[in-house]
Amino acid sequence: MSIEEILALEDDSRIVYYLRQRKTKLPDAGALARDWFPELHDVMDKSKRPDGKVLKKEAYVDDDGVKHAAVYEDEPVNRIALPLEQDITNIHTAFAVGKEPTLKCTPCNDGEKGLLDTIKTIGRMAKLKYHNKRFVRSWLSEKEAAEYWYVAKDDSFWNKVFAAIKRALGGNVMPQYKLKCTLWSPLRGDKLYPHFNDEGDYDALSREYTIKDEDGNSTTYLMCITASDVITWDITGEPVRIPGKCFKHGFKKNPTIYAYRPVTLCENIRTTRERLEKLMSNFADCIDMNFFPRLILEGELANQAPVDIGKSKMIKVENGGKVYYLNWTQTADAVKLELDNLWNQAYQLTNTPRLSLENLRGLGDIPSGRAFEFLFLGTNLATEVHYEVIGEAFQRRYNFLSSAVGSLYSQFEQAAETIDIDVEMNTFSIEDLAEKIQNAKDACGKPVVSQRTGIVMAGIVDDADDEMRQIQEENRAEGSSVA
């Protein structure tokens, strides 16, 4: 059914039923949390990794012939939880959007140029460079994420926007609302139900969420956003439409951006991480148990306490007895080998570089930018795969923003219909500027930048023009002294 057909139904229960149907499986927020938060890993669960038992008193039979059971006490075991999913996801997030996407656009007139400058300023004021990381991190670790754009009353927002771009477009009426966005995802308590038309195009998003009041009473809502409307039902019991939360959002396009992936980035390394945690925890227990050597006594003591002999002590035994330490003959090499293999496997399966000093030593004393390119090649290729989804999502965002600004500010209405903005994703890389300059000089046979540009690149002075004047004056003074 199309979204129009669903909303045209007279029975709200049927509407809600159809809006909550998904073509993909709804992510399990509980399972996602157990992977993402180290404190929820199995190694921290006492039912799955119980504490040990220590014998405090052996079983015995007293003088009256009564049997007494042995007495045991709980002894905590080591529980080493590893935030591997967080580390790997954060690295991929940094590679994907650590550098802000570039907006490629060639304005055809002043209106389009003003609209482009306005969109860039809105992005800066909405702090999209930070929002992008939250969006991508949620998508990688929670399977899906959505951002919702809405308006909030603010008389000064557009004054700041136009002051920032230093452009006067005329018109006496300034919009009273500013554009804001928020992020929805499973671990934030949201259940998302995207709707696609018969051609597979995304046309609506429903969000189920729960709110608790001051008395602890919970109310569950379903909020549906289409290309023209926002409709909200209270679905705690029988669905009831809430008039105060049903309205026209005023945009010409759907103000939601949705991204989905069938599995999380780290889903295929869950067993590897669990084995690492178990191995490290067990090995820690073994070390605690055997770190201090055990003293073995054979025979009988001649005296109950060791006798001081200078700085040493002497234990005297009788009847051919012996006193010696119990040696721990097991080797830790096998454990170390498996640990190393598991660590490498976790990062290799996700095409993630292990960014540690130890792993970077093989690149030489001063690694070149070319060496880093090869080191990060696997991650860069994985990031290009991520862009198949998030690149498309960001493109939809800026298409929406172009339309939204035209809807809110009439001076840009015509430009919003004609402007063409392309989003170019920028993968994180370490640029070796010295290497680039040297390659350019070798190709050209002469300097490739002006003296002023060189001063700016050095970054050690605030005013490059003033520095240029001082250099010229010093050169003239030197020339006069030589003459």
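Start by selecting D201, which sits in the loop joining β8 (191-196) to β9 (202-212), where helices (H or I, at least four residues) and strands (E, at least two) are DSSP runs numbered from the N terminus. The model is predicted, so local features need pLDDT of at least 70 and side-chain atom pairs count only at pLDDT 80 or more, while totals for chains, interfaces and linings use all residues. Residues are numbered from 1 along each chain as its sequence is written, and side-chain values use heavy atoms, with hydrogens and water left out.

D201 counts as partly exposed because its relative accessibility is 45% (buried is under 20% relative accessible area, exposed over 50%, partly exposed in between, with a 1.4 Å probe and protein chains only).

Next, colour the chain by pLDDT, the predictor's confidence in each residue from 0 to 100. The protein averages 85, and 85% of the residues score at least 70.

Then turn to the backbone. Most residues other than glycine have a negative phi. Select K127, in the loop between α5 (110-125) and α6 (128-142): K127 is not a glycine, yet has a positive phi of about 55°, and its relative accessibility of 49% is why K127 counts as partly exposed.

Finish at N351, in the loop between α9 (333-349) and α10 (357-360). N351, also a residue other than glycine, has a positive phi near 55°, and N351 counts as partly exposed because its relative accessibility is 38%.
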